[in-house]
Amino acid sequence: MSAARTLSMRDALYEAPGPRTRRRVRIGTMVSAVVVLLAIAAVVRQFWVTGQLAPRYWSLFLQWTTWRFLGQGLLGTVAVALTAGAIALVLGLLLMLGRMSGVRPLAALCRVVTDFFRGVPSLLLIYFFFFVPAQLGLKLPSFWMLTLPVALAASGVLAEVFRAGVNAVPRGQVEAALSIGLSRGKTMRKIVLPQAVRYVIPSLIAQLVVVVKDTTVAYVVSYPDLMQNARVLITSYDALVSLYLVIAVIYILINYAINKASVAVANRTGVKIVR
Amino acid sequence: MSQEQAAEKNVPVIELRHVDKHYGDLHVLRDVSLSVQRGEVVVVIGPSGSGKSTLCRTINRLETIDSGQILIEGELLPQEGRELARMRSELGMVFQQFNLFAHMSILDNVTLGPREVLGQPKEEAEKHALELLARVGVAEQAHKVPAQLSGGQQQRAAIARSLAMRPKAMLFDEPTSALDPEMINEVLDVMVELARGGMTMIVVTHEMGFARRVADRVVFMADGQIVEEGAPDDFFDHPRSQRARDFLDSIKGH
């Protein structure tokens, strides 16, 4: 199924493969499959040799409390990611609107803010929220010390994603709206934004994956997310590799689910805009 | 000035006075003056790059002008804001690329202006829209989105969208240039019907048959200037300028 889709994508971008190319692809497939299998075998063997597969590293996963603790962390991760995602969405939209408003000082300000949040590593922003409010005597809960910087970092990127979407809406749509007497604001709200958002929904949801990954530095502010709780378990059970492997799989599953959701949403956003 | 007063005083619906426009070094409109009376159908023809599309688009300020005046029923075309939006709402515009709102049904395309700009209630706007869609022959497509319609159907729906605003005049910017040949006539038929109904129209087009049959006046443009204007039969049979003779020769014989 997915192989068929990649093939058709390649057909769309390049010419259809001829018999010689098909043979080369077959050989490449077999060779790479062997290489991948060998690599996996080497990793497992190394684990075996170094004793990482010993039951004492894995038995903790048979205990209910382990999973409950990880589950609590997962809830923390989801809460931060969703809140930060929602804030970033609104803020990103506002930054984009400000930048495209045509009011020079506002546009310049929004541009600087966008580029700043886009350019600064989110970890740096987290340190900022960790230290600066405290110095000013402001006591911020650890949830917000993590959520706000992650949201701000994402808002810069989302502002640019929205802007790309707005620029992708053909000029004629705007002209038609203006020609029936719609104001600039209504043209943006009724004609441009609905189409722009449709163009960028896949990118928006992909950005949510980045937000989820950004939350993993929660340990800086001691917020109990999945990563932080895993670290606690690592210390108490002295089982580093097995725990990191398991939560890596959990993160991959979360982001795989988000990607699946994005494809489903993109396929179901009502009408496809075809020109 | 109200419509009745304007009509009494014989004020042109659309008037351009000494309009000039540059694109950088390119002088796209050179001292263009034109006036269109109520109910008049003016067809603008000329070689590509002659400025006829630009001329059409300056009238509702989709293109700005450098100097000169544009008057709608004797009132200067506003430069911005609410006044400009109101004036635009009173002039229908039909584009070469149709420009139907891609994310809305045909019915919503037609009712958007009346509801958002004129403040009509939904039922009234939809009733009027369905009448107009029936008049241009696409009533069965009302609940489809633009991409599901043929080019000719889209353009007829776009005409209905403009008519829904009950405009004082209609501007057509090469309305059939993007259409497959078999769809040109269905759009021209709608335009002929409109002209017969007394609509004031400015039509930029390459359809010489339409110009001859429907126009009250043909305006020939070249290099940003109005070179010649006159009744269609005079113009097509006895063009006075060499430019017009060359142009008519170049499109003849197919």
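How much area is buried between chain B and chain A, and what share of it do carbon and sulfur atoms give? In this predicted model, the area buried between the two chains is about 1,900 Å², and carbon and sulfur atoms give 64% of it. On the side of chain B, the residues that lose the most area to chain A are Phe101(B), His103(B) and Glu116(B), which together account for 31% of what that side buries.

**Interface between chain B and chain A**

- The contact involves 23 residues of chain B and 20 residues of chain A.
- The elements α3 (81–89), β6 (91–94) and α4 (106–116) of chain B each supply at least two residues of the side that touches chain A.
- By class, that side of chain B is made up of 14 nonpolar, 5 polar and 4 charged residues.

**The sheet of chain B**

- An open sheet of 6 strands is found in chain B, in the order β6-β7-β8-β3-β9-β10 and with mixed pairing.
- Its edge strands are β6 and β10 (225–230) of chain B, each of which pairs on one side only, while neighbouring strands of the sheet are turned against each other by 15 degrees on average, direction ignored.
- Strand β9 (residues 217–222) of chain B runs antiparallel to β10(B) and is joined to that strand by 5 bridges; Ala222(B) has Gln225(B) in β10(B) as its bridge partner.
- Helix α7 (residues 181–196) of chain B packs on the sheet and touches β3 (41–45), β7 (169–173) and β8 (200–204) of chain B, with the direction of the helix making about 150 degrees with that of β8(B).

**Salt bridges over all chains**

- Counted over all chains, the rule gives 24 salt bridges, including one in chain A between Arg99(A) and Glu160(A), whose closest N and O atoms are 3.0 Å apart.
- This pair links distant parts of the chain, since Arg99(A) lies in helix α4 (residues 64–99) of chain A and Glu160(A) in helix α7 (residues 142–168) of chain A, 61 residues apart.

How values were computed. Residues are numbered from 1 along each chain as its sequence is written. Chains are lettered from A and ligands numbered from 1 in the order in which they are written. This is a predicted model: local features need pLDDT of at least 70, side-chain atom pairs count only at pLDDT 80 or more; totals for chains, interfaces and linings use all residues. Side-chain values use heavy atoms; hydrogens and water are left out. Contact means heavy atoms within 4.5 Å. Buried area is the accessible area (1.4 Å probe) that two parts lose on being put together, summed over both. Helices (H or I, at least four residues) and strands (E, at least two) are DSSP runs, numbered from the N terminus. Ala, Val, Leu, Ile, Met, Phe, Trp, Tyr, Cys and Pro count as nonpolar, Asp, Glu, Lys and Arg as charged, and the others, Gly among them, as polar. Two strands pair if DSSP finds at least two bridges between them. Axes are lines fitted to C-alpha atoms, for helices over the stretch in contact, and angles run from 0 to 180 degrees between N-to-C directions. A salt bridge is a side-chain nitrogen of Lys or Arg within 4 Å of a carboxyl oxygen of Asp or Glu.
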